[in-house]
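Subject: Handover of a structure and its findings

Dear colleague,

Please find the structure below, followed by an account of what was found in it. Kindly keep the sequence at hand while you read.

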Amino acid sequence: MAIHAQAILDALQTVLPADKGPYPLSEPRFAGNEWEYVKECIDTGWVSSVGKYVDRFEQDIAQYTGASFAVATVNGTAALHISLMLAGVEADDEVMVPALSFVATTNAVSYCGALPHFVDSDRQRFGVDADSLADYLADIAVIKDGHCINKQTGRIIRALVVMHAFGHPADLDALTELCQRYHLQLVEDAAEALGSFYKGRHVGHHGLIGALSFNGNKIITTGGGGAIITDDAQLARHAKHLTTTAKLAHAWRFDHDEVGYNYRMPNLNAALGCAQLMQLPQLLFARRELTEIYQRALDPVAGVKVVTEPEDSKSNYWLHNLLLDIDDSDQRDEILQGCHEANILARPVWTLQNKLPMYQGAPCMPLAHAPQLAINLISLPSSAGIGGRG
Ligand SMILES: *Cc1c(COP(=O)(O)O)cnc(C)c1O
């Protein structure tokens, strides 16, 4: 079916009038205690790597997500790096990661000295496609001494990273079952998914361990920041240790018992995070409201669908997306061009990870959906409150 770029643009402009723009993809909103909390850090001198806001933020994140433990980090990529290390990922292992993801997912695997092995995503939830991955593993993998071995490379496939794209939870039940069957650790890249629930339970701690991000474009922000969440006390302790230079507690000695990282979140950033987290319900509500606004405007237009959450899940609607009924990227780019001329700063999704120069040689399963999704998806301005501007 042919889509009508102009009809899509016209519909978008009823929601996002050009004279009230520009409309960035995702802007932060500070409407609570941010100023007060950050000022307190400056006034008291507690701006850096320890302080009461770090402890409070970790407790607040654990409480909100229902995870037993949270460890705040300097960003989401660092949280993912440590999560993979704690999942036992070692040099020369393979780690299955979605080709349809942000580069940080793949880079975190490389930081461990491991190789990414790219997998497909499904067309409904945009997360790792459990069915085709099951078929693929049946083909290429064998279990030996409790490890999943890639028969083609001889390497251990240690873990599967599941990413909840745009905040829509991946099919965690199917993926958990698959990981159990193949002796893979399930690590969640929940960077985009604070406020997203799979079958009533917050994402990020359905597997062993997971990572959140509080970058400036995410649903809440600490400026830069992230968190590791887990239900395992020992992993949580080790995560804290590894992210704080592996220093042994002592009043004055500098003793470190392994190679650690300076990945802790400063108190200044945690202060911002505490204030932001208090507003999460309103921020989620605004994101959800925007879904309906986009739907009302776009539903009458042929060849395009506003993406909605999976039926079994609650999405945070971090990014709103259009799914276009097209076969080549030229038509998509025509729409993107028109959007930008109209002050609507829409974006295509990420370049597939297996197409990036540093990852072109990495193993990759046959991708039945991801390349098509990369052509069909357009991310729309999604900031809280923008639909109400017009
Ligand atoms: C934002 C993001 C990250 C990384 O988070 P940073 O805080 O920017 O390091 C990782 N994975 C995905 C899918 C993301 O969207």
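Is T245 buried, partly exposed or exposed? T245 is partly exposed, as its relative accessible area is 23%. Here buried means under 20% relative accessible area, exposed means over 50%, and partly exposed lies in between (1.4 Å probe, protein chains only).

Before the remaining findings, a word on the source. This is a predicted model, in which local features need pLDDT of at least 70 and side-chain atom pairs count only at pLDDT 80 or more, while totals for chains, interfaces and linings use all residues. Residues are numbered from 1 along each chain as its sequence is written, and side-chain values use heavy atoms, with hydrogens and water left out.

Backbone features

T245 sits in the loop between α8 (233–243) and α9 (267–278). Helices (H or I, at least four residues) and strands (E, at least two) are DSSP runs, numbered from the N terminus. The phi of T245 is positive, about 60°, although T245 is not a glycine. H183 is another residue other than glycine with a positive phi, near 55°. H183 belongs to the loop between α7 and β7 (185–189), and with 43% relative accessibility H183 counts as partly exposed. A further feature is the peptide bond from G21 to P22, which is cis, with omega near 0°. P22 lies in the loop between α1 (5–15) and α2.

Salt bridges

How many salt bridges does a search of the whole structure find? The search finds 14, a salt bridge being a side-chain nitrogen of Lys or Arg within 4 Å of a carboxyl oxygen of Asp or Glu.

In one of these, the side chains of K52 and E40 meet at 2.8 Å, N to O. K52 is in helix α3 (residues 52–65) and E40 in helix α2 (residues 34–44), so this pair ties together parts that are twelve residues apart in sequence. K52 is exposed, at 52% relative accessible area, whereas E40 is partly exposed, at 27%.

R155 forms a salt bridge with E94, and their closest N and O atoms are 2.8 Å apart. This pair links distant parts of the chain, 61 residues apart: R155 is in the loop between β5 (147–150) and β6 (156–163), and E94 is in strand β2 (residues 94–98). R155 is partly exposed, with a relative accessible area of 25%, while E94 is buried, at 0%.

D173 forms a salt bridge with K199, with 2.6 Å between the closest N and O atoms. Since D173 lies in helix α7 (residues 172–181) and K199 in the loop between β8 (197–198) and β9 (201–202), the pair ties together parts that are 26 residues apart in sequence. D173 is partly exposed at 42% relative accessibility, and K199 is partly exposed at 48%.

Cysteines

How many disulfides does the structure hold? It holds zero disulfides, a disulfide being a pair of cysteine sulfur atoms within 2.5 Å. For C41, the nearest cysteine sulfur is that of C274, 8.8 Å away. C41 is buried, at 1% relative accessibility, and C339 is buried, with a relative accessible area of 0%.

A charged patch on the surface

Which residues gather in a patch of negative charge on the surface? They are D325, D327, D328, D330 and E334. Patches are made of residues with over 30% relative accessible area and no salt bridge, with like charges joined within 9 Å and nonpolar side chains (Val, Leu, Ile, Met, Phe, Trp, Tyr) within 5 Å. D330 is found in helix α11 (residues 329–341) and is exposed, with a relative accessible area of 58%.

L80 is in helix α4 (residues 76–86) and is buried, at 2% relative accessible area. From C-alpha to C-alpha, L80 and R29 are 25 Å apart in space, and they are 51 residues apart in sequence. V95 is in strand β2 and is buried, with a relative accessible area of 0%. V95 and N217 are 27 Å apart, C-alpha to C-alpha, and 122 residues apart in sequence.

Yours sincerely,
A colleague

Key: Accessible areas come from the Shrake-Rupley method with a 1.4 Å probe; for residues, only the protein chains shown count as cover. Lys and Arg count as positive and Asp and Glu as negative; His and the chain ends are not counted. The place of a charge is taken as NZ of Lys, CZ of Arg, CG of Asp or CD of Glu.
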